[in-house]
Amino acid sequence: MNQTIGRLLLSRLVISLLTLWFVATVVFVITNLLPGDVAQTLLGQSATPEAVAGLRKSLGLDLPPLQRYLAWLGNLVTGDLGQSLVNRQPVAALIGSRLGNSLILAGVTALVAVPLALILGITSAVARGSLYDRTVGAGTILVVSVPEFLVASLAVLIFAVHLKWVPALSQLGRVDGVLDVLRVFALPVFTLTCVIMAQMARMTRAALIDALSSSYVEMAVLKGASRARIVLYHALPNAIGPIANAIAFSLSFLLGGVIIVETIFNYPGIAKLMVDGVATRDLPLVQACAMLFCGAYLVLVTLADIAAIFANPRLRHQ
Amino acid sequence: MSAAPDRDESDAVLRSVMPTGRLKLRSVARGIAPCIVLFWLVMALIGPWITPYDPSAIQDADLFEAMSWKFLLGTDYFGRDMLSRILAGARYTVGIALVATLLSVGSGLLLGLAASAIGGLFDAALSRFLDALISIPSKMFGLVVVAAFGSSIPVLILTLGIIYLPGCYRMVRSIAVNVAALDFVTVARARGEGTFYIMLREILPNMIGPVLADFGLRFIYVVLLLSSLSFLGLGVQPPEADWGSLVRENIGGLPYGAPAVIMPALAIASLTIAVNLTIDGLFGRREGVA
């Protein structure tokens, strides 16, 4: 850790915070642009003007936009996420009850996907140009250019319909024993793993190939070092930074994938909560979920950038 | 960028997948791909008129029927002919995506050129703003807009157009700034040509290739995002149905292995993969693309 790295890290963190503030502003502006307002929508067309005015007042919609914006930002910072418009429950409680499920899903996926992607990426970089490398390459291209729900539907067709190994839908309600946990998580985790692994394996492969084509590796080859020694001692340590960057960046694809996967498998997580919130136009809930997702995305992207800073040897040895 | 950023690499990967020894296989794939793209474009125009059955009429058939000679792609959850519904849906998926992509690449091109021509504060402010916009994941942006405005086709087109504008703007601006430093632009300026003339006649022709390739890639992203929104029930609303909605409405048939779920999803995949291969074929060595 030296001064240059410290300064870079600090400026990266400041930029992330500013971006988060910008994102919050965009979310607020979009959800408050509508000419008609929430009170009218909630009460329906037949509501009396007095009732609408009353509700507007109790929701704070009669205040000027700037004042509402500042109040909203303040509440966000202090963790007060407001009340759901649909069932009048605090948004924080709704999210709290689902957050764990989503984190477990994302955690299990990361545990499965990261090692698999590393193995795929490293082996195909080492065996560059072979049939194995070309097959992995074609497979990963295919996965990133089709919609996530196609991957999920094919997984259900193969593993649940034809092979009958797992049930088609997740039901967290009745889970007893390790086998049941496996059955519930198998398909959602499989789908998510496919989606993020493809990206991660390709970036890992690229990073390692970059390291393998450097002159110190050529030197090691000329000195007669073994293939395993070259990859494990010379190339890999230098590729760790770019690979960490690839992992953090690919994990941010979890956020997009999780929305589709929780919906298709009926998994009671926070993405499903948000999609339901959008369908019922429950704006406070949608705002809170959007900030949560964008925040998580920013954290992962920032981590990826920080990994890239640490990976730069010119900065490390100054 | 939030959505699959290094798809630009696909050409290089494609080349490594099918090296010169397999030139035949590669050229076959590249020959078929434009035909598939053309087929879906034509279907978007004439699809609704050549369907074997009325796409909204309930046929004398079981629900989720398997593929047969009478119903080539089976039937859906109402017993409607699936092939007819997919052909009719092409208009929504391809049409909306095409208009949205035109909107985003068109305005990205305009803003990018304007930023590089005007420079200064305008350029700096616009670049910062659009860069920050990229930090919102595309699906999140779509969900928030639909929650606020409800879902209709104009809202969808506008939203998709805005989401993919910053990427195109960035590319156009960086090429324009580079080209503007070349000698022939200096000469044109010395001749006393106006900024508008230089943009239109000197700089624009030098970025047609990259912009067209970018158009294809944005089109793929837009199709995938539109399908995802429709799949969530937040895109094209019934009774109208694009391919994403077709997957959603028939999802109940998945446990029975109904073709009604898989076929529309495969239609989307055939379109996106074919567009990808077509770009690779047309702009084989895309060194110029940022």
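Biologist: Let's start with H5 of chain B: what covers its buried residues?
Modeller: The cover includes H1, H11, helix H12 (270–279) and helix H13 (283–311) of chain A, along with helix H6 (153–163) and H10 of chain B. A residue is buried here if 20 or more other C-beta atoms lie within 10 Å of its own, exposed if 12 or fewer, and partly exposed in between, with C-beta atoms placed from the backbone.

Biologist: And what kind of model is it?
Modeller: This is a predicted model, where local features need pLDDT of at least 70, side-chain atom pairs count only at pLDDT 80 or more, and totals for chains, interfaces and linings use all residues. Residues are numbered from 1 along each chain as its sequence is written, while chains are lettered from A and ligands numbered from 1 in the order in which they are written.

Biologist: Ok, back to H5(B). How many of its residues are buried?
Modeller: Eleven of its twelve, so H5(B) counts as mostly covered. Among them are B:Ser138, B:Lys139, B:Met140 and B:Phe141. Helices are DSSP runs of H or I with at least four residues, strands are runs of E with at least two, and both are numbered from the N terminus.

Biologist: How far does that helix reach?
Modeller: H5(B) reaches 17 Å from its first C-alpha to its last, close to the 16 Å expected at 1.5 Å a residue. The expected span is 1.5 Å times one less than the number of residues. After H5(B) comes B:Gly150, with a positive phi near 75°.

Biologist: You listed H1 of chain A as part of the cover. At what angle do the axes of H1(A) and H5(B) cross?
Modeller: The axes of H1(A), residues 3–32, and H5(B), residues 138–149, cross at roughly 25° and come within 8 Å. That crossing makes H1(A) roughly parallel to H5(B). Axes are lines fitted to C-alpha atoms, for helices over the stretch in contact, and angles run from 0 to 180 degrees between N-to-C directions. Under 35 degrees is roughly parallel, over 145 roughly antiparallel, 65 to 115 roughly perpendicular and the rest oblique.

Biologist: Which residues make the contact?
Modeller: From H1(A), A:Val27, A:Ile30 and A:Thr31; from H5(B), B:Val144, B:Val145, B:Ala147 and B:Ala148. Two residues are in contact if their C-beta atoms, placed from the backbone, lie within 7 Å. By class, there are six nonpolar residues, one polar and no charged. Ala, Val, Leu, Ile, Met, Phe, Trp, Tyr, Cys and Pro count as nonpolar, Asp, Glu, Lys and Arg as charged, and the others, Gly among them, as polar.

Biologist: Zooming out, how many residues of chain B are in contact with chain A?
Modeller: 40 residues of chain B are in contact with 46 residues of chain A. On the chain B side, helix H1 (10–17), H5, helix H10 (208–231) and helix H12 (259–282) each supply at least two residues. The largest share, nine residues, comes from H5(B). That side of chain B divides into 29 nonpolar, nine polar and two charged residues.

Biologist: Last one: where is B:Leu83?
Modeller: In helix H3 (residues 82–118) of chain B. B:Leu83 counts as partly exposed because it has 19 C-beta neighbours inside 10 Å. Leaving aside neighbours within four places in sequence, B:Leu83 is in contact with B:Pro52, B:Leu72 and B:Leu73.
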